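Please read it with the coordinates open.

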Amino acid sequence: MSIKKQKSVLLIISIILMISFTNAAITGVVQSGKTITITYSPMTMIWFNNELRLAGVPINIMPYCKAMYGWSPLICNLPSVPACDQIRLYGTPGIGTLNLEFLYPFNCTVVA
Ligand SMILES: *[C@@H]1O[C@H](CO)[C@@H](O)[C@H](O)[C@H]1NC(C)=O
């Protein structure tokens, strides 16, 4: 491939990536008992933070959450579910130094 062609391929790839990251978000949250399942886009992410929040105060749930190979969904098996009004995920899709923060309003059902 010529340098010119390579450049245009790279340009097209970066445009596709930019378009997909403008849609980056948590797309759904489902709670079933002590299990909270969070679906998100883009499909693969490396997470730095997984939090429930109550009035802005973070509750770390990262030790209880797993996403197979970083693929959506993120499944959190909590020992108990506290009150919460928001979910926050912070991480990177692994492209350069791009970091993304996802916030999603969600009222936890408290499970002791
Ligand atoms: C959470 O609960 C509050 C207070 O009951 C309500 O105003 C809000 O709409 C609820 N949010 C969601 C995402 O269900």
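The points below cover the basis of the model, the sheets, the disulfides and some backbone details.

1. Basis. This is a predicted model, in which local features need pLDDT of at least 70 and side-chain atom pairs count only at pLDDT 80 or more, while totals for chains, interfaces and linings use all residues. Residues are numbered from 1 along each chain as its sequence is written, and side-chain values use heavy atoms, with hydrogens and water left out.

2. First sheet. Strands here are DSSP runs (E, at least two residues; helices would be H or I, at least four), numbered from the N terminus. Two strands are taken to pair if DSSP finds at least two bridges between them. On that basis an open sheet is built from four strands in the order 4-3-7-8, with antiparallel pairing. Strand 4 (57-60) and strand 8 are at its edges, and each has a single partner strand, so one side of each lacks a neighbour in the sheet. Neighbouring strands in this sheet are turned by 30° against each other on average, direction ignored. The angle is taken between axes, which are lines fitted to C-alpha atoms (for helices over the stretch in contact); angles run from 0 to 180 degrees between N-to-C directions.

3. Strands 7 and 8. Six bridges hold the antiparallel pairing of strand 7 and strand 8. Isoleucine 95 is in the loop between strand 7 (86-92) and strand 8 (100-105). Isoleucine 95 has a relative accessible area of 40% and is partly exposed; buried means under 20%, exposed over 50%, and partly exposed in between (1.4 Å probe, protein chains only).

4. Another open sheet of four strands has the order 1-2-6-5, and its pairing is antiparallel. Strand 1 (25-32) and strand 5 (65-66) are the edge strands, each pairing on one side only. Strand 5 pairs with strand 6 (residues 74-77) in the antiparallel sense over two bridges.

5. A disulfide is counted where a pair of cysteine sulfur atoms lies within 2.5 Å, and the count comes to two. One of them joins cysteine 65 to cysteine 76, with an S to S distance of 2.0 Å. The torsion about this S-S bond is about 110°, so the disulfide between cysteine 65 and cysteine 76 is right-handed. The link runs from cysteine 65 in strand 5 to cysteine 76 in strand 6, eleven residues apart. Cysteine 76 is also the bridge partner of cysteine 65, which means that this pair is both a DSSP bridge pair and a disulfide by the 2.5 Å rule. Cysteine 65 is buried at 12% relative accessible area, and cysteine 76 is buried at 0%.

6. The other disulfide. The sulfur atoms of cysteine 84 and cysteine 108 are 2.0 Å apart and form a disulfide. With a torsion of about 85° about the S-S bond, the disulfide of cysteine 84 and cysteine 108 is right-handed. The pair links cysteine 84, in the loop between strand 6 and strand 7, with cysteine 108, in the segment after strand 8, 24 residues away. Cysteine 84 counts as buried at 6% relative accessibility, and so does cysteine 108 at 11%. With bonded cysteines counted along the chain, the disulfide pattern is 1-2, 3-4.

7. Cis peptides. Where are the cis peptide bonds that involve proline? One joins serine 41 and proline 42, with omega about 5°; proline 42 is in the loop between strand 2 (35-41) and strand 3 (46-54). Another joins serine 72 and proline 73, again with omega about 5°, and proline 73 is in the loop between strand 5 and strand 6.

8. Positive phi. Alanine 55 is not a glycine, yet its phi is positive at about 50°. Alanine 55 lies in the loop between strand 3 and strand 4 and is exposed, at 67% relative accessible area. Tyrosine 69 has a positive phi near 55°, also in a residue other than glycine. Tyrosine 69 belongs to the loop between strand 5 and strand 6 and counts as exposed at 73% relative accessibility.
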